[in-house]
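Welcome, and please open the model in your viewer. We will take the tour one selection at a time.

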Amino acid sequence: MNQEFKTTPASKNGVRLLRNDLIFIAALFVIVSVFGLCFYLFRGEGDKVVVTVDGEVFGTYSLSEDVTVEIRTGAQGSELNLLVIKDGKAYVEAATCPDGICAGHKPISRKGESIVCLPHRVVITVHGTDTDEEPDIIV
């Protein structure tokens, strides 16, 4: 029983498969990068900052006014996040949380950007005008 099987070398199919996979991954990367860049560049400037603590609104502040806000949380206000709004940007200048990630965050000014302090459960988010946040079409 001598049967001959016609086989193609594995290296030929493997190389073709690998090359096609790499082309697909590169094309996918380019498409995602273009969409991400468009989203980043065409995002609008915000005009107000909304601060929430434990999911409840703590305060709403205009980005056009320079102000410093003490956000006190915890038992008897022992935890502090110092929010500074200056030159149309908002940032956390100081925080008593153990990691201090929120204080190291870059200033925010565009719609949708936020600074989060997980230990204190504080979220600072930039919003646009109320008319910008309405849906364009209702079906």
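Start by selecting T73, which is buried, with a relative accessible area of 5%; buried means under 20% relative accessible area, exposed over 50%, and partly exposed in between, using a 1.4 Å probe and protein chains only. You are looking at a predicted model, in which local features need pLDDT of at least 70 and side-chain atom pairs count only at pLDDT 80 or more, while totals for chains, interfaces and linings use all residues. Residues are numbered from 1 along each chain as its sequence is written, and side-chain values use heavy atoms, with hydrogens and water left out.

What is T73 in contact with, leaving aside its neighbours within four places in sequence? Select V53, S78, E79, H120 and V122 to see these contacts, where contact means heavy atoms within 4.5 Å.

Next, colour strand 3, the strand in which T73 lies. Strands are DSSP runs of E with at least two residues, numbered from the N terminus. Strand 3 covers 67–73.

Select residues 79–86 to highlight strand 4, which is joined to strand 3 by 7 bridges. Along this pairing, T73 stands opposite E79, and I71 stands opposite N81. Strand 4 is mostly covered, with 6 of its 8 residues buried. In a regular strand, side chains alternate between the two faces of the sheet.

Two hairpins are worth a stop here. The hairpin of strand 3 and strand 4 has 5 residues between the strands, and there G74 takes a positive phi near 80°. In the hairpin of strand 4 and strand 5, which has 2 residues between the strands, look for D87, with a positive phi near 55°. Strand 4 and strand 5 pair in the antiparallel sense over 6 bridges, and the bridge partner of I85 in strand 5 is A90.

Select residues 48–53 to show strand 1, which runs antiparallel to strand 2 and is joined to it by 6 bridges. Here V50 stands opposite T60 in strand 2.

For the last stop, select S64, in the loop between strand 2 and strand 3. Is S64 buried or exposed? S64 counts as exposed because its relative accessibility is 66%. Its side chain makes a polar contact with the side chain of S62 at 2.7 Å; a polar contact is a pair of N or O atoms within 3.5 Å, where, within protein, one must be able to donate a hydrogen and the other to accept it, and residues adjacent in sequence count only if both atoms are side-chain atoms.

Key: Pairing = 2+ DSSP bridges. Helix = DSSP H or I, 4+ residues; strand = E, 2+ residues; numbered from the N terminus.
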